[in-house]
Amino acid sequence: MSDKNLPTWEVFIQPKTGASFQHAGNLHASDKEMALQNARELYTRRKEGTCIWVVKTEDIVSSNPEDQASFFDPADDKVYRYPTFFKVSKKAKGL
Amino acid sequence: MATDLLYKYVLGLGDDALILGQRLSQWAYKGPFLEEDIALSNISLDMFGRANLFLEYATILKGNGTSADELAFKRNEREFRNHILCEQPNGNFADTMVRQFFLDAFYKLFLQKLTESKDEQLSAIAQKSIKETTYHLRHSSKWIIRLGDGTPESHAKVQPAINNLWMFTNELFEMNEIDHEMVKQKIGVDCQPLKMEWDKIMDEVFTEATLKKPENIHMTTGGREGIHTEHLGHLLSDMQYLQRAYPDAQW
């Protein structure tokens, strides 16, 4: 088999139970099982996680860099969207 | 005498891991693609780790100051007790995967039983190794299915690999005097009953892979007695070169 035929997959690792999955990198594999095994070989050999997701790169829908302005800029003038905008009462503990 | 038998028993288990590890390491930087290259190297390292555990234990049993390195690098071919399947050449990728699949399936069953050993050291090594072997078997069995049920070319390579290596599989289940004594002392594993379970794994995977199980193949043996195929000597000359040329060289 030639590596030209193997599609790429994106790897997401959950560092610990309950935590969000984080993008770790990508790899080549011919099928789901191989993708999972290769992810284990490449990204978790030092006990980095508790769970792995793999997803075909072509199945990920990405925004275009040209859309950057319309997607992200409008947040700039709405400071109330940031938690730091709000005063926190000193009496509120554990926040 | 009793310790000597256990020593030889442990040595055989260590040699299996050492020789297979050395074979797999020969794939490093030559794998069919990067990810599989790393997978083979990782399995090789697992085998070296296991060899180290068994051989370190063997040195304790021997008790004459011999080190595990000396066992690995200074014994001659006839003193190695590994199953001859372990020393068979890598061949093409299908040959390597078939060899691995046969051994992974055997060791999965063997190590499960060895965890029950009365010998605490062997039981501990088995408990550690079984986790790796479970993964190794998953890796190799999926490859057999992929190759068998893959392209006409991959099918045409994996079936001959099975036919050629089948003759070395019966040795895995043979019981010599040492094995019988170890079973009697509840230290070792009775390999005979494992054959049926091993055959079941073969049948399941071969069916899914559209491969045929060989029949009426002449079986060969001898590894546990130090009688090897011509391939082990070449492997050792490579593996032992440095210690032979520069005795006691250190990192």
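From the N terminus on, the elements of chain B run α-α-α-α-α-α-α-α-α-α-α. That makes 11 helices and zero strands in chain B. Helices (H or I, at least four residues) and strands (E, at least two) are DSSP runs, numbered from the N terminus. The model is predicted: local features need pLDDT of at least 70, side-chain atom pairs count only at pLDDT 80 or more, and totals for chains, interfaces and linings use all residues. Residues are numbered from 1 along each chain as its sequence is written, while chains are lettered from A and ligands numbered from 1 in the order in which they are written.

**Chain B as a whole**

Chain B has a radius of gyration of 18 Å, close to the 18 Å that the globule rule gives for 251 residues, so it is as compact as a globular protein of that length. The radius is taken over C-alpha atoms, and the rule is 2.2 Å times the number of residues to the power 0.38. Along the principal axes, the C-alpha atoms of chain B fill a box of roughly 55 × 45 × 30 Å. Of the 251 residues in chain B, 41% are buried. Buried means that 20 or more other C-beta atoms, placed from the backbone, lie within 10 Å of the residue's own. Among contacts in chain B between residues at least 6 apart in sequence, 73% join residues at least 24 apart. A contact needs C-beta atoms, placed from the backbone, within 7 Å.

**Cores**

A nonpolar core is a set of buried Ala, Val, Leu, Ile, Met, Phe, Trp, Tyr and Cys residues joined through C-beta atoms within 7 Å. The largest has 66 residues; Phe54(B), Val98(B), Phe106(B) and Ile144(B) touch the most other members. Its largest share, 14 residues, comes from helix H5 (residues 93-114) of chain B. Another core of 10 residues lies apart from it, with Val11(A), Leu27(A), Ala35(A) and Val54(A) among them. Leaving aside neighbours within four places in sequence, Phe106(B) is in contact with Leu172(B) and Trp198(B).

**The sheet of chain A**

Chain A holds an open sheet of three strands in the order E2-E1-E3, with antiparallel pairing. E2 and E3 of chain A are the edge strands, each pairing on one side only. Neighbouring strands of this sheet are turned by 30 degrees against each other on average, direction ignored. Helix H1 (residues 32-43) of chain A packs on the sheet and touches E1, E2 and E3 of chain A. Strands pair if DSSP finds at least two bridges between them.

| Strand pair | Sense | Bridges |
|---|---|---|
| E1(A) (residues 8-14) and E2(A) (residues 22-28) | antiparallel | six bridges |
| E1(A) and E3(A) (residues 51-56) | antiparallel | six bridges |

Trp9(A) stands opposite Leu27(A) in E2(A). Val11(A) stands opposite Val54(A) in E3(A).

**Where the chains meet**

Nine residues of chain B are in contact with 12 residues of chain A. On the side of chain B that touches chain A, helix H2 (34-62) and helix H6 (120-148) of chain B each supply at least two residues. H2(B) gives the most to that side, with four residues.

Terms used: Buried ≥ 20, exposed ≤ 12 C-beta atoms within 10 Å, placed from the backbone. Contact = placed C-beta atoms within 7 Å. Axes fitted to C-alpha atoms, helices over the stretch in contact; angles between N-to-C directions.
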